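Reader: I am new to this structure. How do I read its features one by one?

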Amino acid sequence: MIKLFTRLVTKSLWVRRERLLISVIAVMLGAAMVTSLLTISLDIRDKMGNELRSYGANLVVLPGEGEYIEQFNSTHGSIIGSVPFLYFKAEVNSKKIEFAGADLEEARKMNPWWHVEGLLPNGEEVLPGINAANKLGLKAGDTLSIGEKFFKISGILDTGTSDDNRIFVPMKTAQQISGKSGATLVQVSVLGDIDDVIKYLENKNYKVKKIRQVADSEKALLDKTQLLMALVAFFVLSAASLSLFCTMITSVLERSREIGLMKALGCGNGRLAAIFLAEAGVMGIAGGILGYFVGLSLAQFIGMEIFDMNVSIKPEVFVLTLLISTMVAAISSLIPIRRAISIDPVVILRGE
Amino acid sequence: MFYRLLSKAIARRKLRIALAVLAVVMGASIASTLLTVSFDINDKMGRELKSYGANILLQPSSEGAFINESELYNIKTIFWRHNIIGYSPYLSDTVKIKDTEIVLNGAYFDEEIRIPGLNKTFIGNRKAQEKEETIRTGIKTIAPWWKVDGEWPSPKEALVGIIAAENLGLKQGDLFRAEFGNSNETFKISGILSTGGDEDEQVTVSLKDAQILFGKQGMVDRVVVSALTKPGPVEGIDPSRLPPEKYEIWYCTPYISSIMFQIEEVIPDASARPIRQVADNEGKLLKKFEWLMFLITGIAMTTASLGVAAAMNTSIFERKKEIGLMKAIGANGNQIAGLFFAEAAVTGIIGGAIGILIGVALARMVGLWVFGAIINPSLFSVLISGILSVGIALLGSMLPVKKAIEIEPSVILRGD
């Protein structure tokens, strides 16, 4: 009995292989769209978040006690970068100017919008912000004296923010001029749950400030992007299901003669439905698996093209895609099957 | 005869045709939804990115000079005036509070500005006529992340940064005296400000109060402007060097460089600079968003097209017998092809029209839901979706029609 059933299903699939191909392709395309969009929309928060990190630090860590942070080491997984800064004031040409010492390579990496006209300072060099330079009447190549020492200006920093009022120096130089060690604050770049990182750092006895301009905007923006992608994924999902539905209905409808013949030969309604459902199941699984891989490569392509990064492969997407394609294939066959089994074989077999 | 055949063919096979139409509807609605959203994503996401604050900084062109506050309304009279979301002037200096040196800023919080009527002709004979209007602008508009514990200040009131408040031992409701040279002023603290930025260590009052304290009535020392821009060249543009046509295109595109240029035109004693943290990232991100949406739209449209093609294929394939009969009674290949193509075109037009309507509604929904603003359909996206649905329906019929024409009537009519 089981053998006959399998033979019936495989035979019917084989005989109609051309028609079948169309159905499987329809399932595959639907599954591919669903896979690529699900993969991207599940990953968009991460990828877009990474992009938004180019706005620079979103947390500032201040010393909890005392005035300086001697050593900042944090091992929280969400912290993707940290740059200690030493701020101090010193007189230049009898004007009080704020200085900032830091590893300037790192600082520029964290704040990629920093626009340096010239070079980053090395050794006995400094990098004034454009407003500070204008105020002191300095340009790249000039020398300025701080205390008794002379420093060469390696370049001018243009950011459009209040950093333009400061003079940036390498950390070592800053510690020499100010006679201080450690940092007055640490800029931290967090990708992920920022509140969790704040709690973590506060437990380590630091004072933590959220840079609201960056942190708040980031959250709002990521929420919207995610919602947008989820909506698009949902549309595409329902559209893909409906077009699959069309294909399945047609494929059952056009076989009313065959159904009539089977009934005339004594096939029961239950068995008839089982045969068609098994067929739909096979198509759904085959199309779903094929579609998953097509969709994954599409998602990968988008990830590389836009974010220069692979999207992360999530097993739940595979399960979901397979489930959706099989279910839609089966459900969309049910309706025409119900119609088909109500067919009177005499009417159908008589001809058109 | 042809029309009768066509309408009969459609009427008799209602369910099948409905299925084909449904496939086209799905395809067209996806295409028009995603296209509409894609074309508008730059504007909508651009507005979202405005929450990062101003992207243009105006400073006096010469060191030690000031910008006239009364000229600032001109920012809203430039060619791209509708792209100016808001602006806020600042006047800052160091004051002494409780013998501690601290920076005091004057700024607009939510100021009402009167923009006089506009009657101007811009480059290329573009006329602009606008009635007088009033706008509200200031920090509440351009720096929405400012968090105030307490109230925004009225005249003679001040916001004290959270770190400054701690250092000075001040809290909401306290009075403090700010000394500047020989003048001084007493302010009441209306709220504590936390931004995570420099403002945390400063005191902020209304622009007017600061001007009185510093003795600089009507003057400001910088203005930040928030403008919607199109990603494009930020620097390296010398307008005077561009050939006239290129100059006009550049001037009439909302690049940050052209908006800065237009602001400098109307406020000659100011020079504009991009606030790079915001301006540079904005362009980069907008490009990515646009790319992302277009790639997704492309994928969805390809798939939708293939779905439509499959539906058309099925609809012809199952009518082999009919075609055989038509050929047997003397129809030639062209007549049969004509009939099928007409059918496909009808399917495409009906499905496309319904699909586009659904798509426009969906795009509106997406706009309202995600961005809180309606996304209006562009003619372009409607046109593309329309052409696409009819085109794909025809294209999808091509192969099966070719096959149908080659059918040998005797083979088909003999039975299966």
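Reader: Where in α10(A) does a kink lie?

Author: This is a predicted model. In it, a kink of about 30° lies at A:I335 in α10(A).

Reader: How many residues does α10 of chain A have, and how far does the helix reach?

Author: Helix α10 of chain A covers residues 315-341, which is 27 residues. From first C-alpha to last, the helix reaches 39 Å. That is close to the 39 Å expected at 1.5 Å a residue.

Reader: Which residues of α10(A) are buried?

Author: Start with the general idea. An α-helix has 3.6 residues a turn, so residues three or four places apart point the same way. Now the case here. The buried residues of α10(A) include A:V317, A:T321, A:I324, A:S325, A:V328, A:S332 and A:P336. A:I337 and A:A340 are also among them.

Reader: What covers the buried residues of α10(A)?

Author: Other helices of chain A do, including α2 (17-52), α7 (212-253), α8 (256-264) and α9 (269-307).

Reader: Why does the span of α9(A) agree with its number of residues?

Author: Count at 1.5 Å a residue. The 39 residues of α9(A) should then span 57 Å. Its end C-alpha atoms are 54 Å apart, so the two agree.

Reader: What comes just after α9(A)?

Author: A:D308, which takes a positive phi of about 55°. Most residues other than glycine have a negative phi. A:N205 is another case to look at: its phi is positive, about 70°, although A:N205 is not a glycine. A:N205 lies in the loop between α6 (194-203) and β11 of chain A.

Reader: Is A:N205 buried or exposed?

Author: Count the C-beta atoms around a residue. A:N205 has 9, so A:N205 is exposed.

Reader: Which phi does B:K156 have?

Author: A positive one of about 65°, and B:K156 is not a glycine. Its place is the loop between β9 (147-150) and β10 (157-161) of chain B. B:K156 counts as partly exposed because it has 16 C-beta neighbours inside 10 Å.

Reader: How far apart are B:I384 and B:S32, in sequence and in space?

Author: Sequence and space can be read separately. B:I384 and B:S32 are 352 residues apart in sequence. C-alpha to C-alpha, they are 7.9 Å apart in space. B:I384 sits in helix α11 (residues 379-405) of chain B. With 19 other C-beta atoms within 10 Å, B:I384 is partly exposed.

Reader: How many residues of chain A are in contact with chain B?

Author: 49 residues of chain A are in contact with 49 residues of chain B. On the chain A side, the elements giving two or more residues are α2, α4 (130-136), β11 (207-210), α7 and α9. α7(A) gives the most, with 20 residues. By class, this side of chain A has 25 nonpolar, 14 polar and 10 charged residues.

Reader: Which scores does the model have?

Author: The model scores ipTM 0.78 and pTM 0.80. Chain A has a mean pLDDT of 85, and chain B averages 86. Among the elements of chain A, helix α11 (residues 345-349) has the lowest mean pLDDT, 71. Strand β9 (residues 167-170) of chain A has the highest, 93.

Terms used: Residues are numbered from 1 along each chain as its sequence is written. Chains are lettered from A and ligands numbered from 1 in the order in which they are written. This is a predicted model: local features need pLDDT of at least 70, side-chain atom pairs count only at pLDDT 80 or more; totals for chains, interfaces and linings use all residues. Helices (H or I, at least four residues) and strands (E, at least two) are DSSP runs, numbered from the N terminus. The expected span of a helix is 1.5 Å times one less than its number of residues. The bend at a residue is the angle between axes fitted to the seven residues ending there and the seven starting there. A residue is buried if 20 or more other C-beta atoms lie within 10 Å of its own, exposed if 12 or fewer, and partly exposed in between; C-beta atoms are placed from the backbone. Two residues are in contact if their C-beta atoms, placed from the backbone, lie within 7 Å. Ala, Val, Leu, Ile, Met, Phe, Trp, Tyr, Cys and Pro count as nonpolar, Asp, Glu, Lys and Arg as charged, and the others, Gly among them, as polar. pLDDT is the predictor's confidence in each residue, from 0 to 100.
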